[in-house]
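Here is a brief report on one protein chain.

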Amino acid sequence: QVQLVESGGGLVQPGESLRLSCAASGSRFTINVMGWYRQASGKQRELVATIFNDGSTNYADSALGRFSISRDNAKNTVYLQMNSLKPEDTAVYYCYLDYSPLNDKRRYGYWGQGTQVTVSS
């Protein structure tokens, strides 16, 4: 059983920063990919950023230059540093984990419970 615990959301003013954290725990597993998605009210869930085992990253155009994803492998934790936040960044941010149980090549996806980010003056 895998669990994801997210933290770091909140209310900030435009131009300010936030850092989201997501820690994975549970039975023995190997992390393939971790990432962040977001869903604004009335809109579909969309990719924000992902980070792979080799450290490579992928960003949505809206996040390029402002957001940075990183990972602490020892803690099974992924971070999303969000700078220069805009009102349109307001959404529920979800952590995503792509993992494989040890000695198992099958891959499974798991979502966090979501954390609200609100950018407003």
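Is Leu 85 buried or exposed? Leu 85 is buried, with a relative accessible area of 2%. Buried means under 20% relative accessible area, exposed means over 50%, and partly exposed lies in between (1.4 Å probe, protein chains only). Leu 85 sits in the loop between S8 and S9. Its C-alpha atom is 7.8 Å from that of Arg 66, a residue 19 positions away along the chain.

This is a predicted model: local features need pLDDT of at least 70, side-chain atom pairs count only at pLDDT 80 or more, and totals for chains, interfaces and linings use all residues. Residues are numbered from 1 along each chain as its sequence is written, and side-chain values use heavy atoms, with hydrogens and water left out.

## Strands and sheet

Four strands make an open sheet in the order S1-S3-S8-S7, with antiparallel pairing. Two strands pair if DSSP finds at least two bridges between them. The edges are strand S1 (2-7) and S7, each pairing on one side only. From one strand to the next, the twist averages 15°. Axes here are lines fitted to C-alpha atoms, for helices over the stretch in contact, and angles run from 0 to 180 degrees between N-to-C directions.

Strand S3 (residues 18-26) and S8 run antiparallel and are joined by six bridges. Arg 19 has Gln 81 in S8 as its bridge partner. Elsewhere, S9 and S10 pair in the antiparallel sense over four bridges.

## Nonpolar core

In soluble globular proteins, nonpolar side chains tend to be buried together. A nonpolar core is a set of buried Ala, Val, Leu, Ile, Met, Phe, Trp, Tyr and Cys residues joined through side-chain atoms within 4.5 Å. The largest one has 28 residues. Met 34, Trp 36, Leu 80, Met 82, Tyr 93 and Leu 97 touch the most other members. At least two residues come from each of S1, S3, S4, strand S5 (46-52), S7, S8, S9 and strand S11 (115-119). S9 supplies the largest share, five residues.

## Salt bridges

Side chains of opposite charge can pair when their charged atoms come close. The structure holds five salt bridges. Each is a side-chain nitrogen of Lys or Arg within 4 Å of a carboxyl oxygen of Asp or Glu. One joins Arg 66 and Asp 89, at 2.7 Å from N to O. This pair links distant parts of the chain, 23 residues apart. Arg 66 is in the loop between strand S6 (57-59) and strand S7 (67-72), and Asp 89 is in the loop between strand S8 (77-82) and strand S9 (91-101). Both residues are buried. Arg 66 and Asp 89 also belong to a salt-bridge network with Arg 38 and Glu 46.

Arg 107 bridges to Asp 98, with the closest N and O atoms 2.9 Å apart. What is the accessibility of Arg 107? Arg 107 counts as exposed because its relative accessibility is 52%. Asp 98, at 13%, counts as buried. Another bridge joins Asp 104 and Arg 106, at 3.0 Å from N to O. Asp 104 is partly exposed, at 21%, and Arg 106 is exposed, at 55%.

## Aromatic pairs and a charge over rings

A pair of aromatic rings is described by the distance of the centres and the angle of the planes. Six aromatic pairs are present. Rings of Phe, Tyr and Trp (its six-membered ring) pair if their centres lie within 6.5 Å; planes under 30 degrees apart count as stacked, over 60 as edge-to-face and the rest as tilted. The ring centres of Tyr 37 and Trp 111 are 5.1 Å apart and the planes stand at 75°, so this pair is edge-to-face. Tyr 37 lies in strand S4 (residues 29-39) and Trp 111 in strand S10 (residues 108-111), so the pair ties together parts 74 residues apart in sequence. Tyr 37 is partly exposed, at 21% relative accessibility. Trp 111 is partly exposed as well, at 36%.

Ring pairs link Tyr 37, Tyr 94, Tyr 96 and Trp 111 into a cluster. Arg 45 lies over the face of Tyr 94, 3.7 Å from the ring centre. Arg 45 also lies over the face of Trp 111, at 4.5 Å. A charge sits over a ring if NZ of Lys or CZ of Arg is within 6 Å of the ring centre and within 35 degrees of the ring normal.
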